[in-house]
Amino acid sequence: MKITFLGANRNVTGSRYCLEVGQQRILIDCGMVQERDYAARNWEPCPVDASSIAALVVTHAHLDHIGLIPKFVADGFDGKIYATRPTVALAEVMLRDAAKILAEDVKYKRRRHREEGRKGPHPAVPLYTDKDVDNSLHLFRGVGYRTPTEIVPGVTVTWHDAGHILGSASLEVTISESGRERTLIFSGDLGQHDTPLIHDPTYFRQADYVVMESTYGDRDHEHHGDVEDQLATIVGETIGRGGNLVIPVFAVERAQEMMHYFGRLVHHNRIPKVPIFLDSPMASDVTDIFRRFTSWLDQETRRAIEADQAPLQFPGLTLTRTVDESKSINHVKQPCIIMAPAGMCNAGRIKHHLRNNLRRPESTLLFVGFQANGTLGRRILDGEKCVRIHGREYHVEAHVAQLFGFSGHADRTGLLNWLGNFEQSPRKLFLTHGEEDVALALQETVRKRFAFDVSVPEYASEVLLDDDGPSLVEPGREIAINVRRPVAKESEPQRIAPVATSDLDASRQTTEASPPIESPQHDPDREFLDSSVRRPISFLHEDPWRVLRIQSDLIQGIETMTRALDGRRRAVTVFGSARLPESDPSYQFARRTTQRLGQRGFGIITGGGPGIMEAANRGAREAGSLSIGLNIELPREQSLNPYCDASYTCRYFFVRKMMFAKYARGFVIFPGGFGTFDEFFESLTLIQTEKLAHFPVVLAGTQFWQPMVQWLQQSVQEAGCIDEHDIRRFRVMDDADEIAEWLDAVIDGSEP
């Protein structure tokens, strides 16, 4: 085993690691470098041949972790890209926006360089294009938290919530090679505790090797009181001067956090009533993704959403998408609040707002996120009085402020507590994602505190993971845990006390195994599933908001399906058992069938789970056709399979069934359990009542379905309950090509 450090080494951005196991190579993250001093690495070929990488595993959707994926694909990578489902959704938004900005920057630089008679340090072409993004997106596969996934033979990865942004993960990588097993933990970017919207980070008990970020490894976050109080004061002072409050934000997480806090301030009348703009089409799209993945948000946020106290919308908020809408902000006569990416002021619309406000002493530029060395934001924050934007010099006369408590990264205390939960020293700890002096300072602290073997790798350095002996991880033991935080006094910020080595036994008493996703404890939509909690029919009467949630489910479902199908009406729904493994003949039958249907232009809709549903989505994906999964948000419901190009998670079974019938032109039902019989009889009911006119239903598998059809004919039909016409709407078939051909003919109308 060998790990090569290919980015974010003695600097913060550009995350990239190559893990070699036998003859296989796996890449962990593929991020863009954002510091000016190291930006040339974005243009250089990856030190490891892209075509030699078998798979790419992603921790989260920030550009410094995914921003080079389209270039990597263009350079020859064609394997699968694994990430959590929210990360997959966010990646499309982030990468498309990055490609757009790259194209715009090149266009602007060409013109400027022409005028100035010079050349830039890099070719005047985009790093990658929107077409490169398209070529990348179809390689993504979505996974859930705490679901082990074999990436390549002998390498299994489990994603755990890192508490950094929506869908962010720490990676538990288990490797089996030459009779040895080793577990590596990649922390990804670790978040703070008690931040809005998302869960707290996951901790770990054991590992053989650990790669941990060190962004704030030499300091703790400053706490200057309650965040809302600070924000209210800054808003009041700026508006009182008649200026604008300009806030650079990251489109993912920070924009949504700011919306959360501004929403609370507006609802409680704590700030003046002024226009509040989120000037970013990408941030708007990301906000829609947050609304789509509510089950991945923390318990407090979900309660607010269920109580109709939406944290991502409020009076006075305007989300601008177009360039004209963005420009119109400059003509607003009254003072206003403007949030715009990029968070470090190195690109995007924020530069235009800086040009219009930096020279206004009545305005305020408020930083709410980390500013890497060399970025425009860092230079302004460090006190530079004259900065260059779009080729012109601007004097900084506006107030410059920084709001603490917003960082998406754990600070020194948080990182030490994360390490303090390991029950014994890992064989090696590697510190990455930190400026050199910061990472080295944390290295020294860790040596003194824990006596770990810890190093700060250089860029492109290689380390053999060839230690002898058994793994430090006990076989079969759950190593991911949640930490119960001590309750802080009202006058103190809530934070975890550092854990010393001698205190590890005590700290273990405050840990417990963490569930995949926290659920509200008193949700009547969930409690009705447990008959020991309530009377069997009590769920019918106790939720006055159910009708609104049903409407929301329907509206979101229609919107999702309409966008996914994009006018396509040739789609079929596939039903079947969720328990059949890939080795089962029915799984392979379903896969072949949907391959044939996909080749004929049919999109495939399933329940999104494992077994037959996975086989169907997989076959559609392999045929280059559309693959859709409609999941249900309930306890113990199966996770969405990784072959869905589009997905939707709803609360109510009947809503999902409506989507199945509304957007499909036919059903294909494979062998299965009670659920499959349910779909069979519902299909019969819809056909008999003429709710589905001229709707073909394939019963795939004669051995399984023929006895059922015979029973219908001999018992139900003879009793006069159904007629021969109803029976003829079903076709029992055993051949994938025949199924595709028959459905094609019936749906096209060439066969009655």
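Mentor: We shall look at the nonpolar cores and then at the cavities. Please keep in mind that this is a predicted model.

Trainee: How many residues has the largest nonpolar core?

Mentor: The largest nonpolar core has 107 residues. Trp159, Ile247 and Phe262 are those with the most contacts inside it.

Trainee: And which helix gives the largest share of this core?

Mentor: That is helix 3, residues 85-116, which contributes nine residues.

Trainee: Back to Phe262: which residues is Phe262 in contact with?

Mentor: Leaving aside neighbours within four places in sequence, Phe262 is in contact with Leu231, Val235, Leu245, Ile247, Ile271, Ile276, Phe314, Ile337 and Met339. Another core, of 35 residues, lies apart from the largest one. Among its members are Cys650, Phe680, Phe695 and Trp705.

Trainee: Now the cavities. How many are there of 30 Å³ or more?

Mentor: The count comes to four. The largest cavity has a volume of about 70 Å³.

Trainee: Which residues are closest to its centre?

Mentor: Of the 14 residues lining the largest cavity, Ser15, Tyr17, Asp29, Phe186 and Gly188 are the closest to its centre. Strand 12, residues 209-213, supplies the largest share of the lining, three residues. By class, the lining has five nonpolar, seven polar and two charged residues.

Trainee: What about the second largest cavity, and which residues line it?

Mentor: The second largest cavity has a volume of about 60 Å³. Its lining includes Arg16, Cys30, Glu44, Lys71 and Asp75. By class, that lining has five nonpolar, one polar and four charged residues.

Terms used:
Residues numbered from 1 in each chain as written. Predicted model: local features only at pLDDT ≥ 70, side-chain atom pairs only at ≥ 80, totals over all residues. Heavy atoms only, no water. Core = buried A, V, L, I, M, F, W, Y, C linked by side-chain atoms within 4.5 Å. Buried < 20%, exposed > 50% of the residue type's maximum accessible area, 1.4 Å probe, protein only. Helix = DSSP H or I, 4+ residues; strand = E, 2+ residues; numbered from the N terminus. Contact = heavy atoms within 4.5 Å. 1 Å grid on protein atoms, 1.4 Å probe; cavity = no way out; pocket = protein on both sides within 12 Å on 5 of 7 lines; lining within 4 Å. Points joined across faces, edges and corners; volume = space filled by probe spheres on them. Nonpolar A, V, L, I, M, F, W, Y, C, P; charged D, E, K, R; others polar.
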